[in-house]
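Welcome! Here is a friendly briefing to read alongside the sequence and the 3D view.

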Amino acid sequence: MKSLFESFIVAFSMYSKIPMPHIEWSEKSMKYSMCFFPWIGLVIGLLEYLWFLLCGRTGASDLLRSSIAVAIPLLVTGGIHFDGFLDTTDALSSWRTREERLRILKDSHVGAFAVIGACVFFLIALGFASEVSGKTATCLCLMFAVSRSYSAISVVSFPNANPKGTAAAFGSHARKRMVRRVMIVYLAALYVCLILIDPLAGIFVIAGSVLAFLIYYRTCMHYFGGMTGDLAGFFVSGAELLMLILAVAGDGIGRIWLRG
C-alpha cells in the first residue's frame, strides 16, 4: 500500500499542480505511478462537470462557460502537456531532419509556429466547447482520463527517442505489463460509461481517441523515431481537441436524425 500511495503522489506531483506531500522519487515510488496518471484526468473531468453544472444553474453565457472549460485542464496541469504541444508543433513545422526535430523539442524557446498553433488550437477549442450541451458535456468530462490512459500506454510501449528524458525515466521504472493491463481496464470502463451516457456522442469520442492514438504512433515513429515526453503532451492535447470536435459533431448528427 505504501508503494501505491507513493506512486500516486509521484503521478500527481509530476503531471498536475495539485499540492502533494513531498517524497523522494525512486524506482520503488515510480513503478506504479503511470497507473495513476488517468486519475488526474478524472479530477479534471469532475471539475469540468461541476463547472458545467454551475453554469446551467446560474445561466452563465456560452462564452464564459466555454472559456473556463477550456482553461480548466491548463490550470490543473500547469500546462505541462500543452508545453509538449507547442514544442512538437515547432518541430513538425520545421520540416528538417529527425535529429533537428528532436533538437527543437529540447529547445526552451517558443517559435512562431508554436504561437500560431496555440492560437488555432484555442480558437477551435473555444468554438466547439461553446456548442457542448446536455449529455455530451458529461461524455466529454471522461475524455481527459481516456487521453491519459492512451498516453500511459505509449510511455510503457513505444520506443523512446530521448533515453534521458522524463518519459523515458517513467517508462524505465514502471511495471510495464501491469501498467498496460491497468490502462486496458481503465479504457474498457471509460468506453462503457461513454456509451451508457450518450451512445452516439460516446461512439464519436471513442473513435476520436483511437484515431488520435494511431496518428500519434505514426508521428512518433515516422518523424522522431520514437516517443518523448513532449510528444506525449502533444498527443494528450491533440486527442482531447479531436474528441471534443467529434463529440459535438456526433451530437449534431443525432439532433438532425431526430428531426428527420
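## Salt bridges and their surroundings

Arg 96 and Glu 100 are joined through their side chains by a salt bridge, 3.5 Å from N to O. A salt bridge here is a side-chain nitrogen of Lys or Arg within 4 Å of a carboxyl oxygen of Asp or Glu. Please keep in mind that this is a predicted model, in which local features need pLDDT of at least 70 and side-chain atom pairs count only at pLDDT 80 or more, while totals for chains, interfaces and linings use all residues. Residues are numbered from 1 along each chain as its sequence is written, and side-chain values use heavy atoms, with hydrogens and water left out.

**Charged pairs**

- Four salt bridges turn up in a search of the whole structure.
- Arg 96 has a relative accessible area of 46% and is partly exposed; buried means under 20% relative accessible area, exposed over 50%, and partly exposed in between (1.4 Å probe, protein chains only).
- Glu 100, at 27% relative accessibility, is also partly exposed.
- Glu 100 also meets the side chain of Arg 103 in a salt bridge, at 3.2 Å from N to O.
- Glu 100 and Arg 103 sit three residues apart in helix α6 (residues 98–106), so about one helical turn separates them; helices are DSSP runs (H or I, at least four residues), numbered from the N terminus.
- Arg 103 is partly exposed too, with a relative accessible area of 40%.
- Another salt bridge brings together the side chains of Arg 148 and Glu 240, 2.6 Å from N to O.
- Arg 148 belongs to helix α8 (residues 135–157) and Glu 240 to helix α12 (residues 229–259), so this pair ties together parts that are 92 residues apart in sequence.
- Arg 148 is buried, at 1% relative accessible area, and Glu 240 counts as buried at 9%.
- Through shared partners, salt bridges join Arg 96, Glu 100 and Arg 103 into one network.

**A loop residue**

- Trp 95 lies in the loop between α5 (80–94) and α6.
- The phi angle of Trp 95 is near 55 degrees, a positive value in a residue other than glycine.
- Trp 95 is exposed, with a relative accessible area of 67%.

**A positive patch**

- Lys 176, Arg 177, Arg 180 and Arg 181 form a positive surface patch.
- Such a patch is made of residues with over 30% relative accessible area and no salt bridge, with like charges joined within 9 Å.
- Arg 181 is found in helix α10 (residues 176–197) and is exposed, at 52% relative accessible area.

**Aromatic rings**

- The count of aromatic pairs comes to 19; rings of Phe, Tyr and Trp (its six-membered ring) pair if their centres lie within 6.5 Å, and planes under 30 degrees apart count as stacked, over 60 as edge-to-face and the rest as tilted.
- Phe 158 and Tyr 216 have ring centres 5.4 Å apart and planes at 40 degrees, so the pair is tilted.
- This pair links distant parts of the chain, 58 residues apart: Phe 158 is in the loop between α8 and α9 (166–173), and Tyr 216 is in helix α11 (residues 199–224).
- Both Phe 158 and Tyr 216 are buried.
- One aromatic cluster is formed by Tyr 150, Phe 158, Phe 213, Tyr 216, Tyr 217 and Phe 235.

Methods:
Helices (H or I, at least four residues) and strands (E, at least two) are DSSP runs, numbered from the N terminus. Patches are made of residues with over 30% relative accessible area and no salt bridge: like charges are joined within 9 Å, nonpolar side chains (Val, Leu, Ile, Met, Phe, Trp, Tyr) within 5 Å. Accessible areas come from the Shrake-Rupley method with a 1.4 Å probe; for residues, only the protein chains shown count as cover. Lys and Arg count as positive and Asp and Glu as negative; His and the chain ends are not counted. The place of a charge is taken as NZ of Lys, CZ of Arg, CG of Asp or CD of Glu.
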